[in-house]
Each structure stands twice: as structure tokens, then as C-alpha cells.
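The walk-through below starts from the helix and then turns to the rings.

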Amino acid sequence: MEPSRIAERDGWWCWVCGGAIEPEAPVDSPWRASIDHVVPRSRGGGNDPPNLRLAHRRCNVRRGSHLPELDWPTDWPMLMTVHLWTALARLAPRPGSAEVVAIAPLIDLAERASTWLVERAEAFVPGGWESWCEPALSGPVTVWLRRPRGADPGNAGRPKVPEP
């Protein structure tokens, strides 16, 4: 797929650094547009459009074959969190399934986490995500994540496991 098609879909922005991409950058420029695979091909990602994003050539090369970073913000005092990439990989192909992805001490933190979670999920595996909070009587608040039942099954890709 041509970078211009991805740019028409997503705009001329680098999904890795968030910086603007110059459409007419010279061929040898590190700031030139390139197509990056969210889940690298070497880790099981495909060439399907939802797995492709526009990135500066420099950012694409620097990221290499690493999976995207999906770390929870370190300044949030969560009581429990799950590895987000693993949760997306489990939930993407099973619309309607849900799981607890975090436990927060306060409702306002849980609500911020819920909003942030949907934004991150959509950035990496587009196609509709829902998150909600459920306060417990004892105080902690659970944060849930799911793809709606009517959503198309997606694929977050899985790292390749070496054969024995």
C-alpha cells in the first residue's frame, strides 16, 4: 500500500512520535513517509490495512521489530493492571467477550483509565472498543474492556513462538 493512501486515511502524522510528516520530503530524508506495521511482520503481523500506519522513515527504523509500547501511565497508583497487548490479543478476535484489565483505588482514576484504555486500544486495533468501571462495595474500582458484540473480529497479532 502506498504511503499516500494511509495518509489519506490517517492524515500526514507519524503514529510513532506524533509529529507531522512532510509529503514532499526528499527520498533520502529521515522525515519521509514510510509504512510501518503496528505488529511487525516478523512477529506475526500482516499487511492488512488496520495493521498499517504512517511513520517517519527514521521512527520506523528505530522501532524495528518491537511490539508497540502499551504501558500504563506510571503516575497512576493502580492496584492491579494487566499487560494490555495480551488483553487486546485475547479480546480482539472475540467480540462480546470482556475482561477486567485494571483495579483502581478511586473512581476518578478508574474513569481516566477507562477513557485512556479505549484510546490506546483503538490506536492499535481499530474497530470499536468499550470500557467501563464497576465500583466494589469495599472501595476498589474495576476497569473492564471489550469489543462490542457486533464488531468484526480483529487481530492484534501475536509474537511468533520459536518452534521446538
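This is a predicted model: local features need pLDDT of at least 70, side-chain atom pairs count only at pLDDT 80 or more; totals for chains, interfaces and linings use all residues.

The buried residues of H4 are Leu109, Ala110, Ala113, Ser114, Trp116, Leu117, Ala121 and Phe124. An α-helix has 3.6 residues a turn, so residues three or four places apart point the same way. H4 itself has 18 residues and spans 26 Å from its first C-alpha to its last, close to the 26 Å expected at 1.5 Å a residue.

With a relative accessible area of 16%, Trp116 is buried, because the cut-off for burial is under 20%. The structure holds 3 aromatic pairs. One of them joins Trp72 and Trp116, with 5.1 Å centre to centre and 35 degrees between the planes, and is tilted. Trp72 sits in the loop between helix H2 (57-63) and strand E3 (80-81), whereas Trp116 belongs to helix H4 (residues 107-124), so this pair ties together parts 44 residues apart in sequence. Both Trp72 and Trp116 are buried.

Trp116 also pairs with Trp76: the ring centres are 5.7 Å apart and the planes stand at 75 degrees, so the pair is edge-to-face. This pair, too, links distant parts of the chain, with Trp76 in the loop between H2 and E3 and Trp116 in helix H4, 40 residues apart. Trp76 counts as buried at 13% relative accessibility. Through ring pairs, Trp72, Trp76 and Trp116 are linked into a cluster.

Definitions and conventions
Residues are numbered from 1 along each chain as its sequence is written. Side-chain values use heavy atoms; hydrogens and water are left out. Rings of Phe, Tyr and Trp (its six-membered ring) pair if their centres lie within 6.5 Å; planes under 30 degrees apart count as stacked, over 60 as edge-to-face and the rest as tilted. Helices (H or I, at least four residues) and strands (E, at least two) are DSSP runs, numbered from the N terminus. Buried means under 20% relative accessible area, exposed over 50%, partly exposed in between (1.4 Å probe, protein chains only). The expected span of a helix is 1.5 Å times one less than its number of residues.
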